[in-house]
Amino acid sequence: MGAMTGAAQDAVFEDSVTWGNISAYQVEEFVGMANRGHSSAQYFVGRCYFNGYHLPKDRYKAVEFWGKAAQKDHTEALYYMGHCYKYGFGVEKNEARSEEFFQKAIKWMEQELETDIYAPFYLAMCYNYGFGVPVDHNKSIAFLEKAAELGNSQAMVELALEYLNGNNVPKDTAKALENLNKAVEKGNPQAQLHLGYCYLEGEGCVADKAKAKELFQRAADNGLEAAKKALSKL
């Protein structure tokens with residue numbers, strides 16, 4: 001794997017951790033780098049502990065590693081520390097501490113909007129749920145669109161779901177499918193799953209069970225448990 005260098009490299013690992021298809025070898029390397037003080041590795045190890053990816057599921061350990069990265073102003077670690085204090089994951093709930101972490105994260109996100117494809121994505125989540133800022137769905141959608149333009153496939157999926165369900169935007173299945181197809185081209189298994197359901201149910205397209213099955217299989221091959229369940233029901 002080699003050393004992690006720059007926002008582009010980190011975005012690749014961010015996708016892997018988000019999708020749950022990170023390898024045991026990668027996690028082992030992250031742990032070694034985290035123990036040597038690498039803030040991005042500390043953040044990724046925290047994600048792995050939180051989700052149980054090749055490490056025991058342990059929210060206390062997740063907070064330990066995120067806390068180390070947050071001390072170095074790692075943007076995403078600050079964001080997740082905000083989550084932990086807001087919901088009591090591995091720490092006692094503390095709204096004041098939660099807001100403090102979210103606001104620090106937002107400060108860095110705003111500086112990284114042009115250089116980090118995940119900065120506008122997480123900023124969209126902040127505005128969507130009111131993390132450190134007042135809820136503003138217009139800004140949330142705008143930042144999702146910004147992230148999607150930069151190539152963030154997770155933002156494409158979120159935008160697609162907004163358009164499919166008519167949440168915060170007028171329902172538009174054509175735009176939903178456009179975003180899902182773009183994310184599928186980038187190998188996003190969540191996009192493969194949702195596009196599969198569109199073909200299964202004929203949502204904005206001609207129903208095609210064979211195409212749905214193909215997409216579910218691709219997502220399952222990428223380790224997505226929900227896709228494996230979808231396949232078992234066909």
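This is a predicted model: local features need pLDDT of at least 70, side-chain atom pairs count only at pLDDT 80 or more; totals for chains, interfaces and linings use all residues.
Residues are numbered from 1 along each chain as its sequence is written, and side-chain values use heavy atoms, with hydrogens and water left out.

View A. The side chains of Lys 68 and Glu 64 meet at 3.6 Å, N to O, in a salt bridge (a side-chain nitrogen of Lys or Arg within 4 Å of a carboxyl oxygen of Asp or Glu). Helices here are DSSP runs of H or I with at least four residues, numbered from the N terminus. An α-helix has 3.6 residues a turn, so residues three or four places apart point the same way. Lys 68 is partly exposed, because its relative accessibility is 33%; Glu 64 is also partly exposed, at 33%. For these labels, buried means under 20% relative accessible area, exposed means over 50%, and partly exposed is in between (1.4 Å probe, protein chains only). Look for Lys 61 as well: a network of salt bridges links Lys 61, Glu 64 and Lys 68.

**View B. Two further salt bridges.** The structure holds 11 salt bridges, and here are two of them. Lys 86 pairs with Glu 95, their closest N and O atoms being 3.5 Å apart; Glu 95 is partly exposed at 44%. In the other, Glu 225 and Lys 228 bring their closest N and O atoms to 3.1 Å. These two residues are 3 apart in helix 13 (residues 225-232), so about one helical turn separates them. Glu 225 is partly exposed at 49%, and so is Lys 228 at 39%.

View C. Helix 7 is largely enclosed by the rest of the structure, because 10 of its 11 residues are buried. Among them are Pro 120, Phe 121, Tyr 122 and Cys 126. Asp 116 sits in the loop between helix 6 (95-111) and helix 7. Asp 116 is buried without a salt bridge, and the nearest side chain of opposite charge, Arg 47, is 11 Å away (Lys and Arg count as positive and Asp and Glu as negative; His and the chain ends are not counted). The Asp 116 side chain does reach the backbone nitrogen of Tyr 118, at 2.9 Å. Just after helix 7, Gly 130 takes a positive phi of about 75 degrees.

**View D. Asn 188 and its partner.** Which side chain does a polar contact of 3.1 Å join to that of Asn 188? The partner is Gln 154. A polar contact is a pair of N or O atoms within 3.5 Å; within protein, one must be able to donate a hydrogen and the other to accept it, and residues adjacent in sequence count only if both atoms are side-chain atoms. Asn 188 lies in the loop between helix 10 (173-185) and helix 11 and is buried, with a relative accessible area of 0%.

View E. Val 45 belongs to helix 3 and counts as buried at 1% relative accessibility.
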